[in-house]
Amino acid sequence: MRLNKYLAQATGMSRRAADAVIVEQRVRIGDKIASLGQEVEPQDHVTLDDKRLSIPSHHLTIALNKPVGYVCSRNGQGSSTIYDLLPPQYHHLKPIG
């Protein structure tokens, strides 16, 4: 799996944000600084800012019928977002459609 996808799944950040922390040399695979586009194997030891990362072993999917006037975004830029409708324990989820 590509490193930015691994970071996104392990931390909840976007793949672009993951690319940024890789470029900032904050990510290591084993004892080596990671690079953009690098592949990660399940047995690899991946760290971000010296904290070990792992991908959660379970996935949670919810279906939400989005009302008119709400947007599927974390930053609604003045509009209401789907996160305004969800309880806080679901705010880590990402919209997919």
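Author: A salt bridge is a side-chain nitrogen of Lys or Arg within 4 Å of a carboxyl oxygen of Asp or Glu. This is a predicted model, in which local features need pLDDT of at least 70 and side-chain atom pairs count only at pLDDT 80 or more, while totals for chains, interfaces and linings use all residues. Residues are numbered from 1 along each chain as its sequence is written, and side-chain values use heavy atoms, with hydrogens and water left out.

Reader: Why is the contact of Glu24 with Arg26 called a salt bridge?

Author: The closest N and O atoms of Glu24 and Arg26 are 3.0 Å apart. The limit is 4 Å, so the pair qualifies as a salt bridge.

Reader: What makes Arg26 and Asp49 a salt bridge?

Author: Their closest N and O atoms are 2.7 Å apart, and the cut-off is 4 Å. The pair links distant parts of the chain, 23 residues apart: Arg26 is in the loop between helix H2 (15-23) and strand E1 (27-29), and Asp49 is in the loop between strand E3 (46-48) and strand E4 (51-52). Helices (H or I, at least four residues) and strands (E, at least two) are DSSP runs, numbered from the N terminus. The structure holds 2 salt bridges, and shared partners join Glu24, Arg26 and Asp49 into one network.

Reader: Why is Glu24 called partly exposed?

Author: Buried means under 20% relative accessible area, exposed means over 50%, and partly exposed lies in between (1.4 Å probe, protein chains only). Glu24 has 49%, so it counts as partly exposed. Arg26, with 33%, is also partly exposed, as is Asp49 with 39%.

Reader: Is Asn4 buried or exposed, and how do you know?

Author: Asn4 has a relative accessible area of 10%, and the limit for buried is under 20%, so Asn4 is buried. Asn4 lies in helix H1, whose buried residues are Leu3, Asn4, Tyr6, Leu7 and Ala8. What covers these buried residues includes H2, E1 and E3.

Reader: Which residues does Asn4 touch?

Author: Leaving aside residues up to four places away in sequence, Asn4 touches Arg15, Ala18, Asp19 and Ile22. Contact means heavy atoms within 4.5 Å.

Reader: How do you know that E1 and E3 pair?

Author: Two strands pair if DSSP finds at least two bridges between them. E1 and E3 have 3 bridges, in the antiparallel sense, so they pair. The bridge partner of Ile29 in E3 is Val46.

Reader: What makes strand E2 (32-33) and E4 edge strands?

Author: The open sheet has 4 strands in the order E2-E1-E3-E4, with antiparallel pairing. E2 and E4 each have a single partner strand, so one side of each is left without a neighbour in the sheet.
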